[in-house]
Each structure stands twice: as C-alpha cells, then as structure tokens.
Amino acid sequence: MRRFLLFVPLLIFIGLGYFLWRGLSIDPTELPSARLNQPFPAFQLASLTEPERMLTEADLKGRPALVNVWATWCPTCKEEHAFLNGLAQQGVTIYGINYKDEPLKAREWLKRYRDPYAEVVLDQEGALGIDLGVYGAPETYIIDARGVIRYRHVGAVDDRVWTDLKRIMDQLAAEDAS
Amino acid sequence: MNPLLRSILLGWVLALCSVTAQAIIEAYEFDDPATEERFQRLTEELRCPKCQNNNIADSNSPIASDLRREVYRLLNQGADDEEVIDFMVTRYGEFVLYRPRVNEMTWILWYGPFVLLGIGLVAVLLISRRRRRTAVGETRPELDADERARLNQLLEQDKKR
C-alpha cells in the first residue's frame, strides 16, 4: 500500500501530460455543428440569380449535395471558388448561400468567376446563417437526399478537405441506392 | 511638421477613433430597465463563436453584432432567459455558454473542484492524525536514578568543553 502511494504523483503526471499533449493538437476554432443530423432549417428566401423566385428548404432536397456559404467580402471564398467550379463540373450538386452580401456584387462575381451553384439562396440579413449556426464564411455543409445535415466544414474546400467530403457523399449515395 | 498641422492631424485621428468606438456597440432601446439588465447579462454570458475569447457584448465582429440583435429581438418578443439560451445552443452548441449548464456532461466541471477539495481535506486530516498518534507514542520512558546521574554527568562534560 505504502509503495503504491509513492506512484500516485507519477500517475497524476502521466494523466495530466496526456491531456495537455492532446490539447496541443485540438483546434479550438473547429466547432462541431450543433445542427448535425438535424433537418436543414426552414427558410423562405429569394434566389440570388432570379430575385423574383422564392426558395425554401424543400428546394435543397432530392439528392446528396453540398451547401456552400459564401460572400464576396470573404477572401477565402474566392480562393475556393475555382475548386467548387471543378466539383460542379464533375457533377457534384452544390447549393450556395450568399451570406450577408450585396446582391449586385454577388451576381457580378458569379458572372466573372463562373457559377458552380445549382441554386443560390440570397441571405442578405444573415438570418438563415444564424439558424444554421454559421460563424464565418466559407462554410460547407453536406446534406443528404432528405435534406438532413450530415457534415459541416468550416474554411475553404480544397483537395485535402474534398477527400473527406467525398467519402461522406459516397456513403450517402450508397445509402440512397440501398 | 509645423505645430498647427500636427495638432490638426492629431485632432482628426482622435475624432476618427471616437467614431469607431461608438460604431462598435450599437445602442438598443429598452422599454424597462429590467429587460436592459437581462440583455446585458445574457450578452455577457454568451460567447462569440468567431472570436472565441470574447463574449458577444464585447466583441465587434459582425457575427457578435448579429447575435446581439437576435438577443434583443427575442427579449422584445417576451422570451425568458432560458429561451434565449436555448435559441443560441440549438444553433451554436453548448460551446457558446460561458456559464455551462449543469448536466451529466458538465458534472465534472461543476463538482470536480469540490471533490478535489474534499480529497485534499481528507488527506490533511489523515496525515495530521497520524502525526499526532506517532507523537503520542514517542513519549520518552522515565529514567531511573543511575541513568539520570549519567545524563547529568554527560551534560556537565559538554558544558566544560
């Protein structure tokens, strides 16, 4: 018993060391989405490209898709735009949410850099953004065919991120097929 | 630079500073001071998701300003504190609470320190009790006359030296 007590400080040290070491590799800015595995929040907002047409969450259903939150004021969005164009060409469905932006600028941007989006929801007030729990653009969500949020990525989508996203998209496609 | 120009420039810089300082936190009007007090308390307890070491009352990031607006809107609709907090948690997760709720996940946070304090107290008690017991056990046996004489002799020798 006495002997064992001698080892207590060592055990405490190892335990603390483990947690501190783990803490080094945790990125505190990467938050899990509180909306994970929940239906996409309800909304009724105009389309960016055809402002007289209203879009709702029902328009996002039907097949697994990416939902990309973007804005012209966001430099990282510009960075990832070319990559999104590439994905759209490969046949990936991408919906856009134009987040707290100026519609004129946003339309101009899509004309200049090409439009990878199947639909773009105009969220000028950021209300849908708050319902989704968006805290910075760009953010990219994966929704399944029933419109349930399955994944969230904060930051630009690039090759490395896409390998993760693609794995989940493929899984969802397989779920649908079965 | 001549002094006049310098003071004009300085004046300009100061003026600009005060404008931005006012622009950061927007003014909300409240019907009664109680609601205003609740607004202050709630925005101080809610963490800004973007700038993670600020609460939404202090942060000047756009998302914090949006969230302040939401809190204001909810309070004006007559929501109670719990509803405002639920609104934030369903969107941003438990993470935004600077005062985490008491549940199975946060028991260790809330009660851990008291448990540690308890362990510390028990340890101190055990150690002090053991010390006292050994101190009592170590009372010196009485010396008999011979021993006392020898002891005195030794002490005397010591003094002489």
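I count two residues as in contact if their C-beta atoms, placed from the backbone, lie within 7 Å. With that in hand, I looked up chain A: 72% of its contacts with a separation of 6 or more are between residues 24 or more positions apart.

A note on the source: this is a predicted model, where local features need pLDDT of at least 70, side-chain atom pairs count only at pLDDT 80 or more, and totals for chains, interfaces and linings use all residues. Residues are numbered from 1 along each chain as its sequence is written, while chains are lettered from A and ligands numbered from 1 in the order in which they are written.

**Chain A overall**

I found 6 helices and 7 strands in chain A (DSSP runs, H or I of at least four residues for helices and E of at least two for strands, numbered from the N terminus). Along the sequence I read α-α-β-β-β-α-β-α-β-α-β-β-α. The radius of gyration of chain A is 21 Å, well over the 16 Å of the globule rule for 178 residues, so the chain is more spread out than a compact globule. (I take the radius over C-alpha atoms; the rule is 2.2 Å times the number of residues to the power 0.38.) The C-alpha atoms of chain A fill a box of roughly 80 × 40 × 30 Å along the principal axes. I also checked burial: 34% of the 178 residues in chain A are buried, with 20 or more other C-beta atoms within 10 Å of their own, all placed from the backbone.

**The sheet in chain A**

Next I traced an open sheet of 5 strands, ordered β5-β4-β3-β6-β7 with mixed pairing; a pair needs at least two DSSP bridges. Its edge strands are β5 (119-123) and β7 (149-154) of chain A. (Axes are lines fitted to C-alpha atoms, for helices over the stretch in contact, and angles run from 0 to 180 degrees between N-to-C directions.)

**Over to chain B**

Within chain B, helices α2 (residues 33-45) and α3 (residues 62-76) pack at about 145°, their axes 10 Å apart. Residues in that contact include B:Phe39 and B:Leu42 of α2(B) and B:Val71 and B:Tyr72 of α3(B).

Methods: Buried ≥ 20, exposed ≤ 12 C-beta atoms within 10 Å, placed from the backbone.
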